Amino acid sequence: MAAGGPPVLVVTRLDDATADEVITELNRRRVPVTRLDPGDFPDTVTFGAAFGSRGVSGIVATQTRTVDLGGVRSVYWRRPTPYTADLAMDEQTTRWAVEEARYGLGGTLAALPGAHYVNHPWRNRDAEYKPAQLAMAARCGLTVPPTLITNDVDQARAFVHDHGPVLYKPLRETEFAGADGRALTVWIEDVLTDQLDDRVRHTAHLFQQRVPKVADVRLTAVGEQLTAVRIDGSPGVDWRRHYDRLTYDLIGVPSKVARGVHAYLRAFGLVFGAFDFGLDREGRWHWFECNPNGQWAWFPDRITSLITSAVADQLQDGGKA
């Protein structure tokens, strides 16, 4: 793998520890890298893209870097902040300006000729919908627990009665804040029939049969490389609430699961996916979800370094890794 050459564009916010790991590794390999947050447009980001019969040309510039739009090697699309507009604008004009930015700059960054995307933002978007995930996982031969998505309280109660114990899971990790402005998380929780009332009708809810698991598994897929980590020590159903109690061990991936994961990635057009499974006493892997842009930098260094290297390989080699 030769150093130098065309740059890698990392599209993300400033406080992204996962992207930091990859940028550090690319810098170590002496691969040119530019970090760009579309949320900085138009304040500190400018661009000009020309389109014609010869393709795309032009530049995008941050405060410290200028990138040739026709010469980007790879794009690592992580977690950019939302688009913004001039605060002096009225509300309607602000909405218009933000959408113009999304479709103008965002559309340009998603159409770079010859660039290898990890992942392409539109593929991320398509793969974020839980109903599509559930249907695709089953189609790819993965074991999916019985699941109901509904706003009908009678259906919800019947599902809990027939499939209990049952968990409630949010359909998306949408930003949510308390009265004091602090960020809140909607956790996975057990659901009892008497907790269900007419408030269910106000929006869609996802209910899923609780798997009798003995451990969790986070499988991070980067191209053909699968890194599976057994997670033990969680006293509750949502291990994200108990990081200080968890232990991590690398484990092998059953061939059926590996085939299903690769089929899933191909179907959604993904290079990267963070898959969550529950492991039962018989050793069966129960598929829960796939985050197409999941975190992994909290793992111990011996695990994080494996995934960092795999992502850096993809970006450096432009998809040939």
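**Entry 1. Lys320**

I began at Lys320, which is placed in the segment after H7; I take helices (H or I, at least four residues) and strands (E, at least two) as DSSP runs, numbered from the N terminus. The model is a predicted one, in which local features need pLDDT of at least 70 and side-chain atom pairs count only at pLDDT 80 or more, while totals for chains, interfaces and linings use all residues. Residues are numbered from 1 along each chain as its sequence is written, and side-chain values use heavy atoms, with hydrogens and water left out.

I found Lys320 exposed, at 73% relative accessibility. For these entries, buried means under 20% relative accessible area, exposed over 50% and partly exposed in between, with a 1.4 Å probe and protein chains only. I also looked up Gly223, 97 residues from Lys320 along the chain, and the C-alpha atoms of the two are separated by 9.6 Å.

I located Thr308 in helix H7 (residues 301-317). Thr308 is buried, its relative accessible area being 6%. Contact is taken as heavy atoms within 4.5 Å. With neighbours within four places in sequence left aside, Thr308 is in contact with Glu21, Val22, Glu25 and Trp296.

Gln225 belongs to strand E15 (residues 225-232) and counts as partly exposed at 34% relative accessibility. Residues up to four places away in sequence not being counted, I noted that Gln225 touches Thr220, Leu306 and Ala310. The C-alpha atoms of Gln225 and Asp43 are separated by 39 Å, and these residues lie 182 apart along the chain.

**Entry 2. Helix H2**

I examined helix H2 (residues 91-109), which has 19 residues and reaches 26 Å from its first C-alpha to its last, close to the 27 Å expected at 1.5 Å a residue. The expected span is 1.5 Å times one less than the number of residues.

Which residues of H2 are buried? They are Ala97, Val98, Ala101, Leu105, Gly106, Thr108 and Leu109. Seen down the axis of H2, these buried residues fall within an arc of 145°, so they line one face of the helix; the arc is that of the directions from the helix axis to the C-beta atoms. An α-helix has 3.6 residues a turn, so residues three or four places apart point the same way. On the other side of H2, I recorded Gln92, Trp96 and Tyr103 as exposed. Among the elements that cover the buried residues of H2 are strand E3 (46-52), strand E4 (55-61) and strand E7 (116-118).

**Entry 3. Backbone**

I checked two cis peptide bonds. One joins Phe41 and Pro42, with omega about 5°, and Pro42 is in the loop between E2 and E3. Another joins Gly164 and Pro165, with omega about 0°; Pro165 is found in the loop between helix H5 (153-163) and strand E9 (166-169).

I then turned to Arg30, a residue other than glycine whose phi is positive, near 65°. Arg30 lies in the loop between helix H1 (17-28) and E2, and counts as exposed at 66% relative accessibility.

**Entry 4. The second largest pocket**

Lastly I looked up the second largest pocket, which is lined by 15 residues, with Arg35, Leu36, Asp37, Asp40 and Thr62 nearest its centre. On a 1 Å grid over the protein atoms alone, a pocket is an open set of points where a 1.4 Å probe fits, with protein on both sides within 12 Å along at least five of seven lines; lining residues have an atom within 4 Å of a point.
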